[in-house]
Amino acid sequence: MVGRLLGPRRARQLQRFVRNGKLTIFCLFLTVIMFRGYLGAGKFGTPEKDLDDIRETLSFIRNRAEPRRVLEEALISGQGGLKSAENAGAGSNNYAAFDITKIFRDEDDGAEEFNRDPSQPYSLGPKISDWDEQRAEWLQRHPKFPNFLREHKPRVLLVTGSSPKPCENPVGDHYLLKSFKNKIDYCRLHAIEIFYNMALLDAEMSGFWAKLPLIRKLLLSYPEVEFLWWMDSDAMFTDMAFELPWERYKDVNFVLHGWDHMIYDEKNWIGLNTGSFLLRNCQWSLDLLDTWAPMGPKGKVREEAGKVLTRELKGRPVFEADDQSAMVYILATQKEKWADKVYLESAYYLHGYWGILVDKYEDMIESYQPGYGDHRWPLVTHFVGCKPCGKFGDYPVERCLKQMDRAFNFGDNQILQMYGFTHNSLGSRRVRRIRNETSNPIAMRDELGLLHPAFKAVKV
Amino acid sequence: MGSGGAFPAQKRLPMTHGGARGRGAPLLLRGRQINKTLHNIKITILCSFVTILVLRGTIGIGSLVTSEADAENQHLIEETNRILAEIRSDKDPSDPDEGPERFLSLNDTFSLGPRISNWDEDRKVWLEKNPQFPNFVKGKPRILLVTGSQPAPCDNAIGDHYLLKALKNKIDYCRIHGIEILYNMAHLDKEMAGYWAKLPLLRRLMLSHPEVEWIWWMDSDALFTDMVFEIPVSKYKDYNMVIHGYPDLLFDQKSWIALNTGSFLFRNCQWSLDLLDAWAPMGPKGPLREEAGKILTASLKGRPAFEADDQSALIYLFLSQKERWMSKVYVENSFYLHGFWEGLVDQYEEVIEKYHPGLGDARWPFVTHFVGCKPCGSYGDYPVERCLKSMERAFNFADNQVLNLYGFRHRGLVSPNIKRIRNETVAPLVNVDQFDIRHAARHTAEPQS
């Protein structure tokens, strides 16, 4: 038909043209497919991605995971199931598939909010200069709240805390719970009060700096407290019988674990540890907190301060300013102002790095007994770097969690022995009886004398 | 596929085919056949090549050969799953093999321990000999709050998170009111497992701590929501047990929820030891507990069929031995020593508007108890979202009362974030006197009844 319209030669040329056109399109198509297969097509992805997307939409198990996100992903894939379907049903009774962060929501209840003036340089609060006098006057007016429970025994408030949101690691909250129980046990025996913080008081002082506004707030709110004992959530008590040597600290205001020469001579960034320290409730401490705070505010200030600290301190890697390095820096550079009221304690483990302690627990049980607080039986085992609440820490997960269990049981055995029990082994959650029930319980004594220890006795 | 330039032979074939007649026909035929075969082979090879290309383009060879990175990921995931499963499981690899579990038979008698008969006298003597551990401190009887949870991680992470928050809540209340707290995570008696585990624990604690006047058991899923209210212990000086419940539900209707053993107080005395001994026999795991469950379901109104639980057993004991026990049991309902959560959690906004903390009753509930939510398990009796949202609300409702001293408050009852409601000052002790519950309470103390 075309031929009749255009003439025979023309028709043939057209036919040839069409044929070539078909060939060209076909070859182009093949080429595109080839290239997509090898290189992908930008945001259209590779064909493999197409199939994966299809797979995901059908809610099959996601098996692609970056190595460090393993803990979080593993649980999701382990639970499996149709996550989206479960969430959609408000009537679901299954806890496994529920995402708690759906519930959290900020609401305005109408109460007036007070914020710090951002144009001013950062400060923890208005400067107080007569705290010692204010406090002394208050204590006189409140004789029922003395700052010393007995001669030489000050009133102590142990402060620790964690995030108000669930841990990213699925077993993180369990270890926080155990660590909290461990602290409660020690404090009950030693007549120490506990404050567990779950609030971020100041958004600018986030992360490790969050303790500063909290400590200041607690010192000012509890004038009857003589010493505030800050303890990290990843530190555990492993010597329940050791009472701190309060008399040794009667003339100092700040007690940390560390070594004088490593701070004042070497300026070593791990010459002291701010994971477990004592701070007296007095004007000096408020001044110290004010001096400590400026390196903390999030953002440029913290970054720049970090560079200064890395430059000035020995062995410090490059990262933003942390409270521990800042304290080393302050003590090393303002020695005359602060050092006479700072005690760097190394006679016992006010902070004990876990790496060198946890493998020796069985030896300690064999050779020593609780009450030493030092390398023979450490007071505190501090799991620095383990970060059980986060997605990943600096050490392998298995070692950290297993050792935390062991440290917990090591301390818990000292509590259980009061009631006649002990753990089956340091790695076991189960307990067994070591002392039978008797019909004359009043005569029963526990070996370590922790049921009614002298450090818990009230003034008669 | 249309004709193409790659197949020039095709054009020639018809002509070859056309000229095939004649003398050289067989030879030509074979030659043609060979040509055809070769030609077909070429086409086949080309087609398969194209097919492979197309397949490679769509599926990729990734699914045929796993890459090294994927394998490593897989290994990490398996390893972590194994660790988590090991931590979660009840079986400890370090434990010796205990053999098959043996249950007490119906003929065996169970006892919490050797019978003690003069605990009151022994305790009195001990207190006299140990004046540094008195049973009354600052005019108030020494109370020990006991709570606990399972030693293994919860079935899911959110359970542990709410155990942690509930413990903080209890610590806050106890610090404000000078109460000691003990958190138990050990199964002391394998036979008395589950809700019965509190019995051997309470007995052991009473006997080990003669200085404790009242032992207060509280479930891990109960939260304090009135931080100011203090239990009026002087009201109970003639009683040995304080438990929340309704006498008409108990004696008239014999209902299995007439009392609640999620929050109750025991005096440390001989009577309590006797009660524990009388309470325990329905507890031991196995046929004893099963049979007891049947008796309880038959005797109590509304009880479903399941093994014996401590609450039903206590109600049954009080009903069957009323004269022996009830004179020393105070069934309290003038305040919410236990407050069932469903009716309470939605009222918090109204409560804040109309009333103030310190009332402890329906106006401002003392304790909100999340019965049935079971966040530590896999499934609860209520929708998960409702339970968790309500627990978060109750926690924040109580936490606001604690944060008030510091000048902060949560940004709404479902927010973990806080906001400042009072500026820092240079005279903080004025606020301390006004807002610290322990100091403020002295000025507004209600008369002791």
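The model is predicted; local features need pLDDT of at least 70, side-chain atom pairs count only at pLDDT 80 or more, and totals for chains, interfaces and linings use all residues. Residues are numbered from 1 along each chain as its sequence is written, and side-chain values use heavy atoms, without hydrogens and water.

The buried area is about 11100 Å², with 61% from carbon and sulfur atoms. Buried area is the accessible area (1.4 Å probe) that two parts lose on being put together, summed over both. A:Y95, A:R429 and A:H452 supply 8% of the area that chain A buries against chain B, more than any other three residues.

Twelve salt bridges link the two chains. Each pairs a side-chain nitrogen of Lys or Arg with a carboxyl oxygen of Asp or Glu within 4 Å. One of them joins A:R141 to B:D433, with the closest N and O atoms 3.4 Å apart.

Within chain B, B:R303 is found in the loop between α9 (287-299) and α10 (310-320). Helices here are DSSP runs (H or I, at least four residues), numbered from the N terminus. B:R303 counts as buried because its relative accessibility is 5%, and buried means under 20% relative accessible area (1.4 Å probe, protein chains only). The backbone oxygen of B:G293 lies 3.3 Å from a polar atom of the B:R303 side chain.

Technical notes. Chains lettered and ligands numbered in written order. Helix = DSSP H or I, 4+ residues; strand = E, 2+ residues; numbered from the N terminus. Buried < 20%, exposed > 50% of the residue type's maximum accessible area, 1.4 Å probe, protein only. Polar contact = N/O pair within 3.5 Å; in protein donor to acceptor, adjacent residues only side chain to side chain.
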